[in-house]
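Colleague: Please take me through this model one region at a time, and close each reply on the value or name I ask for.

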Amino acid sequence: MSVTQQQVMDALSKVMSPRGVALPNANVLSAITVSDGKVFFSINVDAAEARAWESVRGQAETVVRAIPGVSTAMIALTAERKPGSAAPPPVPQQPHRHAPGQSSSHSHGGGVQPVATHKPPQGGQNPMSKQAEIPGIAAIIAVASGKGGVGKSTTALNLALGLRDQGLRVGLLDADIYGPSVPRLTGIHDKPQLNADRKMIPISRFGLSIMSIGFLVEEDTAMIWRGPMVMSAITQMLRDVAWGTLDVLVVDMPPGTGDAQLTLAQNVPLKGAVIISTPQDLSLIDARRGLAMFKKVNVPVLGIVENMSYFQCPQCGTRSDIFGHGGARHEAEKLGVPFLGEIPLHISIRTTSDAGTPVVDSEPDGPHAAIYRAIGAKVREQLQGVIAAA
Ligand code: ADP
């Protein structure tokens, strides 16, 4: 029996809000996603009110869980700090983590996610130091782009495989929750199982541990995420997934440099970022915005990759610099960040991606795999100290 949104709303109408009206009438609920017995939504309140809403979140979870057919309820309380308002009251930073031996609750939801959407940190203090590391993961790196369609996800997956080929234990988190493409790029259509601690077990494919919001909701489900909910969903995918021991977790970021991306860069304990750009000028301008964003939150940029750098003829292999190639290398030099490599525009990169058989894995002896591996080697070199220390 499939659960409907109406059933969820009916259940929630039994919960009273601190505003004196039933929860569905309090004007705080995000869109409710119901898929395959899994229910996701957030309660979005002002940070100043967050404390009063904690028990409401718990009650909401209890009533949703009680609906026949619901297997998981992922309900987040997100506290958005309005520009100019006072700092939110202190709240637990890691609401989902459990002390050793303590069993977790049924759901993946829980706790308040303080989200500073409009105030990037100032000064030289590293905001990452406030972010708890994820136990077992030596280095988390972001793969980002200033805009969509530049091949960010394709590069993130093949870079993850390039790092795998360096002998590292690698995970991939598809945080591009506006348009998760990892299910398509990997051909994974399984739903993650829960372990005894009720953490999601990442899907194992190509020797990588892979997680995507696209595994949980149908790909064609229109997802409209508000800023705080983005962070909440990603925090849960980071912390409520049994990643095990990893040398590197590659995070495929949502494209762009808006508030959601900034919040993410600020809240995920990143050891570095890789920026993907195409040679076109516009994309480079966007890439520069990406660089500025990571600089703002003191995340080191590991380098720029130029994707679709030149056209390589599939028949004769001849190279044509149809986009005025070399811009990203030049830009990287100018900005003083490493240039990690250039990837040609080649039909086999596209066809393997679209078939769910990424080129580094399906054509390991080919020229493209070698390029991604070389990029992986450069990234690994920069993370060497962190990985060795862990
Ligand atoms: P983004 O994550 O930036 O939106 P994708 O990784 O989804 O971009 O790539 C967009 C499209 O471009 C996909 O069809 C992908 O197969 C294709 N693509 C990406 N990189 C290359 C490349 N180097 N050569 C050919 N096609 C590519």
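Predicted model: local features only at pLDDT ≥ 70, side-chain atom pairs only at ≥ 80, totals over all residues.

**Loops, strands, a helix and the ligand**

Colleague: Does Phe206 count as buried or exposed?
Modeller: Phe206 has a positive phi of about 55° although it is not a glycine. Buried means under 20% relative accessible area, exposed over 50% and partly exposed in between, with a 1.4 Å probe and protein chains only. Because its relative accessibility is 17%, Phe206 counts as buried.

Colleague: What is the relative accessible area of Arg198?
Modeller: Arg198 lies in the loop between helix H4 (182-186) and strand S7 (203-205), and Arg198 too is not a glycine, yet has a positive phi of about 60°. Arg198 is partly exposed, because its relative accessible area is 27%.

Colleague: How many of the nine residues of strand S2 are buried?
Modeller: In a regular strand the side chains alternate between the two faces of the sheet. Both faces of S2 are covered, with Lys38, Phe40, Ser42, Asn44 and Asp46 buried on one side and Val39, Phe41, Ile43 and Val45 on the other. S2 (residues 38-46) is therefore largely enclosed by the rest of the structure, the buried count being nine of the nine.

Colleague: Which residue in the turn of the S1 and S2 hairpin has a positive phi?
Modeller: S1 (residues 33-35) runs antiparallel to S2 and is joined to it by three bridges, where pairing requires that DSSP finds at least two bridges. Ser35 stands opposite Lys38 in S2. The hairpin has two residues between its strands, and the one in the turn with a positive phi, of about 55°, is Asp36.

Colleague: What arc do the buried residues of H8 cover around the axis?
Modeller: The buried residues of helix H8 (residues 327-335) are Gly327, Ala328, Glu331 and Ala332. They lie on the same side of H8 because their arc, taken from the directions from the helix axis to the C-beta atoms, is only 130°.

Colleague: Which exposed residues does the face of H8 turned away from its buried side carry?
Modeller: Just after H8, Gly336 takes a positive phi of about 70°. On the helix itself, the face turned away from the buried side carries Glu333 and Lys334.

Colleague: How much of the area that the ligand exposes when taken alone does the protein bury?
Modeller: An oxygen atom of the ligand lies 2.6 Å from a polar side-chain atom of Thr154, and polar contacts are pairs of N or O atoms within 3.5 Å. Taken alone, the ligand exposes 560 Å² by the Shrake-Rupley method with a 1.4 Å probe, and the protein buries 85%.

Notes:
Residues numbered from 1 in each chain as written. Heavy atoms only, no water. Polar contact = N/O pair within 3.5 Å; in protein donor to acceptor, adjacent residues only side chain to side chain. Helix = DSSP H or I, 4+ residues; strand = E, 2+ residues; numbered from the N terminus.
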